[in-house]
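Please examine the sequence and the model shown below. The paragraphs that follow lead through selected parts of the structure in turn.

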Amino acid sequence: MANAFTNLWRLSRAGIVLAQHGVRFVPKGQPVPLALRLARLATLPIALVAAPFNIGRPKERRISGALAALGPSYVKLGQFLATRQDVIGAELASDLTHLQDKMPPFSMGQARRAVEEALGGKLEDHFVEFGPPVAAASIAQVHKAKIRDKNGQLRDVAVKILRPDVEKRFRRDLDSYFFAARLIERFHAPARRLKPVAVVENLARTTELEMDLRLEGAAISEMAENIDADARFRVPSVDWNRTARRVLVTDWIDGIPISDHARLAAQGHDLKALGLVVLRSFLTHAMRDGFFHADMHQGNLFVDAKGNVVAVDFGIMGRLGHKERRFLAEILHGLITRDYHRAAEVHFWAGYVPPHHPVEVFAQALRAIGEPIHGRTADEISMADLLGQLFAYTEVFDMQTRPELILLQKSMVIVEGVARGLDPSLNMWVAAEPVAKEWVEANTGPRGAVRKAGESALTLGRVLADVPDMLAHAERAASSLAEMARGGVRLDAETIDGIAERTARKERTGRVALWVIAASLALLTAKYIGLI
């Protein structure tokens, strides 16, 4: 009960802060649960008093101000909800995409203590120089430092450090999010399809991964292996000797922010080519590798002296299984080639649309989405908007929410914005077609058949390699069972007495069940030795 009151107090405080900033967290046109209507009435006087101060302030500024005032966990909640248009509506999700994860930095003294506790010894044991924070976000902040490499040369590195007590703060606020989600599921039936509790569980898993910087280092390492042979896109290397759960050290990236178009042009970089690199790299990572950077906004992308795009901040990563990758590639390829029936069949193959819906009807819906893009100019076509329309059909066709695909769509919105900023005339479909076509041919055409045959051969080989062990286990089991059949099952006196004592305490149904089991064992034994 005390915990419930604590959560109610925390949520009430959040409601008051949101009201002060004039933020509405229920999508327009959506029915408002009774509890939220009462809460809105309670905060109405606060909203009326604060209204004059919010006049002329853009909505996204109101949201960012409110969430920043509530603390790091609410900033992260806002970023996460920006990926869940199906939950909060398109308008609010769009507003939240403007949310900047910028927080006041913590002190140099706290940073020093964090490094020394994580790595041991003194700060100077690990870094020749250690500068002030250059960026501070909701979970961590970054410092520029210098180390001496194996050859004795000085090298610049980036040191990412978790905020003090951030885990405790997030656990506390997540508890109140779960409390609210359970109330919504219990008292507001229409919201159950959106699975509010599952949404919070997904947020909890995401933040838990973000708060172990060793996992971020592993994500960088995995992507580095995936893109080793790729051109024009790279990631920093990880200094594992100076990395721990609360501290991550990577190469310092000397590059021009990808948002600084004037400086890029002055250095001779081709902005149109960079836009194509950003888009195709993202699609390649998603479809070929099933592992993509899910936060590729302008602040996380740089261009080095060689013209390579370099990504940083791998706290949020997306994964797609083979089924999801085929779904994405086939959908893009089907819409590009106007093969709507094939694109519809993929939805049914993947299990996204229940089988009681006709494939032809769903193909008709896809045609309604895809046809308007043909014949339009490049700058009028948005791949992210099209995917958003596609996911908008989830309720009509009883499709379950797919968090990994919605994260993909959110990432596509960001990447598309970056690419279009570099080249406003970039034709998203022309850029995407070779990536989608390559995946489809490699996985469903003749090349795919050869690859699958090879995988099947490997699987069969592993099974055949295990056959001798399997036969040996089977032989031992058969010998044991034959021995038991010949000699019978022997129980010592103590065991018999124990069984009798427990049986005497059971009711009649328990005794019947015991005898049924005994009879079954006897029948099995008799059958094995050939008596029946």
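Glu216 has its place in helix α10, which spans residues 213–226; helices (H or I, at least four residues) and strands (E, at least two) are DSSP runs, numbered from the N terminus. The model is a predicted one, in which local features need pLDDT of at least 70, side-chain atom pairs count only at pLDDT 80 or more, and totals for chains, interfaces and linings use all residues. Residues are numbered from 1 along each chain as its sequence is written, and side-chain values use heavy atoms, with hydrogens and water left out.

With a relative accessible area of 6%, Glu216 is buried (buried means under 20% relative accessible area, exposed over 50%, partly exposed in between, with a 1.4 Å probe and protein chains only). Neighbours within four places in sequence aside, Glu216 is in contact with Lys160, Leu248, Asp313, Phe314 and Gly315, where contact means heavy atoms within 4.5 Å.

Beyond its neighbours within four places in sequence, His285 is in contact with Met223, Ile227, Asp230, Phe233, Gly290, Phe291 and Phe292. The C-alpha atoms of His285 and Leu320 are separated by 9.9 Å, although the two residues lie 35 residues apart along the chain.

The sheet comes next. Strands of a sheet pair through backbone hydrogen bonds, either parallel or antiparallel. Here four strands form an open sheet of mixed pairing, in the order β4-β9-β8-β6; two strands pair if DSSP finds at least two bridges between them. The edge strands, each pairing on one side only, are β4 (233–234) and β6 (256–257). Strand β4 runs parallel to β9 (residues 309–311), and two bridges join them. Phe233 stands opposite Val309 in β9. Helix α12 (residues 271–289) packs on this sheet, touching β4, β8 (301–303) and β9, and its direction makes about 45 degrees with that of β9. Axes are lines fitted to C-alpha atoms, for helices over the stretch in contact, and angles run from 0 to 180 degrees between N-to-C directions.

Finally, consider a pair of helices. The axes of α8 (residues 166–187) and α9 (residues 196–210) come within 8 Å and cross at roughly 165 degrees. Helices α8 and α9 are therefore roughly antiparallel to each other, since angles over 145 degrees count as such, under 35 as roughly parallel, 65 to 115 as roughly perpendicular and the rest as oblique. Among the residues making the contact are Phe170 and Leu174 of α8 and Val197 and Val200 of α9.
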